[in-house]
Amino acid sequence: MPELPEVEVVRAGLERHVVGATITSVEVLHPRPVRRHLAGAADFAAVLAGRRVVAARRRGKYLWLPLDDPETGDALMAHLGMSGQLLVQPAESVAERHLRVRLALEGAAEGRELRFVDQRMFGGLSLSTGGAALPPEIAHIARDPIDPLFDDDEFVRRARRSSSGVKRLLLTQTLISGVGNIYADESLWRSRLHGERPGNRLAAAQLHELLGHVREVMNEALAQGGTSFDALYVNVNGESGYFDRSLHAYGREGDPCDRCATPMRRVAFMNRSSYFCPTCQPAPRVRR
DNA sequence: ATCGCGACCTGGTTGC
DNA sequence: TGCAACCAGGTCGCGA
């Protein structure tokens, strides 16, 4: 599952291998990944042909490639969803099993294709009109915690005004972007906080510390993700070595807590799972 | 305004 | 062995 660190690895790969290239033609193999382009797949393909990629940018889990002009141009926007990949492949290489969109390139990436591959198709591509600097479609998304302009005090203020549980707050992209289920659980474990603790019952210092752990987890993942990244292959599969070795909470139901050896618990949360240590991360008392 | 939940989607795994 | 149910989860839209 790509979260911010994985998406940043992809962004860096695109910056290196696709910026400077011109899109010569586009083939949409499945309509769903371009559903956010309201004018349809044919228009999506037509409007991208001949455009030049001039940058590779990211906010949270969204990526965009400014076209023609890095300040005022349009942008090709991408979200990887749960299972999306952006690959730069030789044009003649065999199609991936879940290849959805192919964009032929010339110039800086002569003879190669940018490919959007996505099994579950929660992700997608779209064209953002005038979105080079920041696509208006994602202007509501908050900055992410490794953005130098992320405002810690503002996050803490807003979190402390909310009655929602702190895990839900971490997943609220309008408050803080780029955090998904895995890194939310990891950050909370490191902070010894139960995810259902209401934001408005936490001390400012606890939330500042939580932010520190969010950054720590992301930076560690980034350091490891960056090393598995090969020159001509812009890849993310969410299963880089990081997930196997460094997780303390996610997916560890029944395993001993790495701090206190209490068996880790799993509970249902928002149609998914939360993993935590019932000793280190005690549940909040029920208020009445 | 704020909050929380269901829908979307596929394929690997589990259970009968 | 075959089939159905379950599970993974980011985002959006809707209803309370």
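Two strands pair if DSSP finds at least two bridges between them; helices (H or I, at least four residues) and strands (E, at least two) are DSSP runs, numbered from the N terminus. This is a predicted model, in which local features need pLDDT of at least 70, side-chain atom pairs count only at pLDDT 80 or more, and totals for chains, interfaces and linings use all residues. Residues are numbered from 1 along each chain as its sequence is written, chains are lettered from A and ligands numbered from 1 in the order in which they are written, and side-chain values use heavy atoms, with hydrogens and water left out.

- Strand 6 (residues 99-107) and strand 7 (residues 112-118) run antiparallel and are joined by five bridges.
- Ala104 has Glu113 of strand 7 as its bridge partner.
- An open, antiparallel sheet is formed by four strands in the order 1-6-7-5.
- Strand 1 (21-28) and strand 5 (84-90) are the edge strands, each pairing on one side only.

**DNA strand B**

- Residues near DNA strand B (a heavy atom within 4 Å of it) include Arg32, His98, Phe122 and Asn271.
- Of the atoms of DNA strand B that come within 4 Å of the protein, 71% belong to sugar and phosphate.
- Arg32 places a polar side-chain atom 2.7 Å from a phosphate oxygen of DNA strand B.
- For Ser164, a polar side-chain atom lies 2.8 Å from a phosphate oxygen of DNA strand B.
- An N or O atom in the side chain of Ser162 is 3.0 Å from a phosphate oxygen of DNA strand B.

Conventions:
Polar contact = N/O pair within 3.5 Å; in protein donor to acceptor, adjacent residues only side chain to side chain.
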